[in-house]
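Please open the structure in a viewer and keep the selection tool at hand.

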Amino acid sequence: MNHKKLFNSFLSKLGPGLLYAGAAVGVSHLVQSTRAGGMFGFELIFAIVIIHFIKYPFFEFGPRYTAATGKNILHGYMKLGKWAVWAYLLMTLSTMFIIQATVTVVTAGLFTHIFGLETLGGYEPQIIAAIISSLLLLLCFTLLSSGHYVLLDKLMKVIILVLSVTTIFAVIALIFDNLGHYESGTVHFSLSETMHLIFLVTLLGWMPAPLELSVWHSIWSESKNESDGKMTSMKEAIFDFRVGFFGTAFLAICFLTLGALVMYGSGEIFESDGVKFAEQLLGMYQQALGDWAYPIVALAALTTMFSTTLTLLDAFPRSIGVSLELLFPQRIKHQKNGMAYLIWLLITIIGTLLILFFFVPSMGEMVKIATVVAFVAAPVLAILNTLAMFDKTISQQYRPGKLMLLWCLLGLTVLIGCSASYLILL
């Protein structure tokens, strides 16, 4: 009983950190991490560890700012000047459709494969993916506009727990029953290979997630304070964040391990088509755990990706609304006017569907574009988060120390250097 109470107490302390995990564990983990293992074995684990180390302060500053001030970090941007909020808003508007389309089409691929809809109406696979994506977005709109998203929010703890447990068991099973590698099919990562370098950029761009997630995390933290009627303490906020951050980092390594143990050296490559990739991904779990695990894993993977799709679809209009309210306080009252939220929700869905139907039909291409854009844009958001968190208006007791400042400067140097190098090579 004591263990049960301890576990329930632990779960009760988790809030926005699990929303962070729900948004992060998606394309970057199920798709990119698994591919990294399948293509290069365990060689890129070090890259995953390094990028988490580099990005850590900038993600932490989202919930840290809210715990220190009671407001989301966009208010910190506003203190820097309207230019900072405009920079964030323009970046969001320029990337939101491709990011939403990428996550949605992966979810649609899983849904199509699990329910055997590959030959639906005799359409081409890309059209089927777009149709399923449309239905998923319609369902998301219904949930978000009617307020039923709260239900999924409560289920997030179960969703993440089921996916985590099944993934860990799959990895353990494969470690003790590994088929071995085929030396003739192994490929070693090389920075001199352009294709390898591009893949590394796509892996790290969304690892553990786009830096925009730090802003969303801050907004969710502010909403939690409002719903609870009290301020979350700094200690609780940082604990909640670290559970989500380090938990998703561990899962990224687990997914890479899955790809390495099942695919690396086999001569088989991951498909860029969403449905075929879903078949390969779920087949890994089936091979590791047996047929009995397939329904559980399929449900966990699909629910995880759906929650990511839904969370992003909520985050974009919410963060845009907050930005516009800060820029035009006399004209827009986002918190009191749900109509603005619904309008931007519809705009996000329409823009996403235009991409899915008319522009980029391949899941692989969309993942590449979205992750590369996130990789190049990361330094801008990292700089804004750092300036907002180290602003003199932040209480000294909550402002990060000199060691964290050095950590930020190191991270910024690496992010700027990598983005500039990629643009030059491109």
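**The whole chain.** Please note that this is a predicted model. Display the protein chain as a cartoon: 16 helices and zero strands are present. Next, show the surface, of which the chain exposes about 18,800 Å², with carbon and sulfur atoms supplying 68%. Of the 426 residues, 54% are buried. Among contacts between residues at least 6 apart in sequence, 85% join residues at least 24 apart.

**Helices α4 and α11.** Select residues 45–69 for α4 and residues 234–262 for α11; their axes lie 10 Å apart, at an angle of about 160°. An angle over 145° counts as roughly antiparallel, and the two helices, α4 and α11, are therefore described in that way. Their crossing is right-handed. To view the contact, show side chains on both helices, including Ile48, His52, Tyr56 and Phe59 of α4 and Ile238, Phe241, Phe245 and Leu256 of α11. The residues of this contact comprise 18 nonpolar, one polar and three charged.

**Helices α5 and α10.** Which residues make the contact between α5 and α10? From α5, select Ile73, Leu74, His75 and Tyr77; from α10, select Val215, Ser218, Ile219 and Glu222. Five of the residues in this contact are nonpolar, two are polar and one is charged.

Notes:
Residues are numbered from 1 along each chain as its sequence is written. This is a predicted model: local features need pLDDT of at least 70, side-chain atom pairs count only at pLDDT 80 or more; totals for chains, interfaces and linings use all residues. Side-chain values use heavy atoms; hydrogens and water are left out. Axes are lines fitted to C-alpha atoms, for helices over the stretch in contact, and angles run from 0 to 180 degrees between N-to-C directions. Helices (H or I, at least four residues) and strands (E, at least two) are DSSP runs, numbered from the N terminus. Angles under 35 degrees count as roughly parallel, over 145 as roughly antiparallel, 65 to 115 as roughly perpendicular and the rest as oblique. A crossing is left-handed if the near helix is turned anticlockwise from the far one by less than a right angle, and right-handed if clockwise. Contact means heavy atoms within 4.5 Å. Ala, Val, Leu, Ile, Met, Phe, Trp, Tyr, Cys and Pro count as nonpolar, Asp, Glu, Lys and Arg as charged, and the others, Gly among them, as polar. Buried means under 20% relative accessible area, exposed over 50%, partly exposed in between (1.4 Å probe, protein chains only). Accessible areas come from the Shrake-Rupley method with a 1.4 Å probe; for residues, only the protein chains shown count as cover.
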